[in-house]
Amino acid sequence: MSLEKPIILFDLPSKDQGGPWSPNTWKSTNTFPLPENLLTVLLPCCLARLLLNYKGIPYTTQWIELDPIAPHFKSLGIPPNPPSLSSIPYTVPTIRLPNGSYVMDSKNIAAILEEKYPDPPLHLDSPQLAKAEEILPQLFMPLRGILLPGIGRNLMTEESLPYFSESRSKKYGSLEQMERELSGEKQWEEPKPAMREIAALIEETGGPFVLGREVSYADFNLVGVLSLFKRLGDGVFEKTVEMKPALRTLYEASKKWLEKDD
């Protein structure tokens with residue numbers, strides 16, 4: 001029997017159940033070339049959690065609010081993100097490996113998990129992954145006036161909301177102003193081409209995943225987004241999957257890797 005310590009996943013709590021909401025721990029990375037690290041806000045931890053669940057790796061969750069992330073990670077001796085990766089020095093997801101080392105950023109986490117736990121594989125070199133990473137910003141940016149205010153209203157804890165609101169307001173203007181100016185039906189027109197391209201990635205192989213019957217890291221990028229939309233409420237998930245049923249199929253086929261969220 002192995003006495004190896006489980007991995008620790010640092011994740012953001014939500015105000016409803018204390019469970020994860022951030023698609024980067026369900027993805028905190030600047031993989032996508034978005035201005036002001038929008039995806040570092042929207043996609044923190046779901047992806048890392050999906051990877052751990054998919055590979056069946058034992059882990060525990062340490063919940064951490066937004067404001068204390070930097071001082072807490074500094075106290076642990078974790079090196080900051082290089083500026084080339086992110087303008088935010090400390091982000092979630094971060095994991096602590098059984099050997100005591102820390103890995104920050106979901107793509108780095110994917111690489112180290114694939115190295116140390118290669119089965120089942122993530123197919124990190126698939127061309128579909130590069131395509132998915134290219135398309136996702138075209139989905140998020142038009143919906144920022146819906147997503148960011150919704151995260152603040154529906155998911156942020158009381159402890160993290162002031163920091164979230166202040167930091168987002170410095171970058172994008174107040175959340176209230178953003179919602180007034182950049183929400184509504186018209187905002188759903190611009191991301192439609194991106195939704196069609198994402199659905200095409202799935203449909204061209206017969207689905208339910210982008211590689212057909214085999215799941216990959218590219219799928220978890222997409223499922224992390226859909227999981228955020230589901231947690232966000234306000235009809236965002238339903239509106240998305242109604243436009244492209246292949247996205248609902250992908251989500252349903254991946255639900256078993258969303259079950260462990262603590």
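This is a predicted model: local features need pLDDT of at least 70, side-chain atom pairs count only at pLDDT 80 or more; totals for chains, interfaces and linings use all residues.
Helix 4 covers residues 106-116, and its buried residues are Ser 106, Ile 109, Ala 110, Ile 112, Leu 113 and Glu 114. What do these buried residues pack against? Their partners are strand 1, helix 2 (46-55), strand 3 (94-96), strand 4 (102-104) and helix 10 (217-232). The spacing along the helix is worth a thought here. An α-helix has 3.6 residues a turn, so residues three or four places apart point the same way.

Take Ile 109, which sits in helix 4. Ile 109 counts as buried because its relative accessibility is 0%, and the cut-off for that label is under 20%. Leaving aside residues up to four places away in sequence, Ile 109 touches Ala 48, Pro 93, Thr 94, Ile 95 and Val 103. Ile 109 is also twelve residues from Leu 97 in sequence, with the two C-alpha atoms 10.0 Å apart in space.

Next comes the pairing of helix 4 with helix 2. The two helices pack at an angle of about 15 degrees, and their axes are 9 Å apart. Helix 2 and helix 4 are therefore roughly parallel to each other, since angles under 35 degrees get that label. The crossing is right-handed. On the helix 2 side, Leu 47, Ala 48, Leu 51, Leu 52 and Lys 55 take part, and they meet Ser 106, Ile 109, Ala 110, Leu 113 and Glu 114 of helix 4. Sorted by class, this contact has seven nonpolar, one polar and two charged residues.

Helix 5 (residues 127-140) and helix 9 (residues 192-203) form another pair, with an angle of about 160 degrees and axes 9 Å apart. Are helix 5 and helix 9 roughly parallel or antiparallel? They come out as roughly antiparallel, because the angle is over 145 degrees. This time the crossing is left-handed. Helix 5 brings Gln 128, Lys 131, Ala 132, Ile 135, Leu 136, Gln 138 and Leu 139 to the contact, while helix 9 brings Ala 194, Met 195, Glu 197, Ile 198 and Leu 201. Eight of these residues are nonpolar, two are polar and two are charged.

Two other buried residues deserve a look. Asp 11 belongs to strand 1 (residues 7-11) and is buried, at 0% relative accessibility. Its side chain makes a polar contact of 2.7 Å with the side chain of Arg 49. Thr 157 lies in the loop between helix 6 (144-154) and helix 7 (161-172), yet Thr 157 is buried too, with a relative accessible area of 7%. Not counting residues up to four places away in sequence, Thr 157 touches Pro 13, Ser 14, Lys 15 and Glu 65.

Most residues other than glycine have a negative phi, and most peptide bonds are trans. Asp 105 is not a glycine, but its phi is positive, about 90 degrees. Asp 105 is in the loop between strand 4 and helix 4 and is buried, at 2% relative accessible area. At the start of helix 4, a side-chain oxygen of Asp 105 comes within 3.1 Å of the backbone nitrogen of Lys 107. Asp 234 also has a positive phi, of about 60 degrees, but Asp 234 counts as exposed at 52% relative accessibility. As for cis peptide bonds, one runs from Val 92 to Pro 93, with omega near 10 degrees, and one joins Asp 119 and Pro 120, with omega about 0 degrees.

Key. Residues are numbered from 1 along each chain as its sequence is written. Side-chain values use heavy atoms; hydrogens and water are left out. Helices (H or I, at least four residues) and strands (E, at least two) are DSSP runs, numbered from the N terminus. Buried means under 20% relative accessible area, exposed over 50%, partly exposed in between (1.4 Å probe, protein chains only). A polar contact is a pair of N or O atoms within 3.5 Å; within protein, one must be able to donate a hydrogen and the other to accept it, and residues adjacent in sequence count only if both atoms are side-chain atoms. Axes are lines fitted to C-alpha atoms, for helices over the stretch in contact, and angles run from 0 to 180 degrees between N-to-C directions. Angles under 35 degrees count as roughly parallel, over 145 as roughly antiparallel, 65 to 115 as roughly perpendicular and the rest as oblique. A crossing is left-handed if the near helix is turned anticlockwise from the far one by less than a right angle, and right-handed if clockwise. Contact means heavy atoms within 4.5 Å. Ala, Val, Leu, Ile, Met, Phe, Trp, Tyr, Cys and Pro count as nonpolar, Asp, Glu, Lys and Arg as charged, and the others, Gly among them, as polar.
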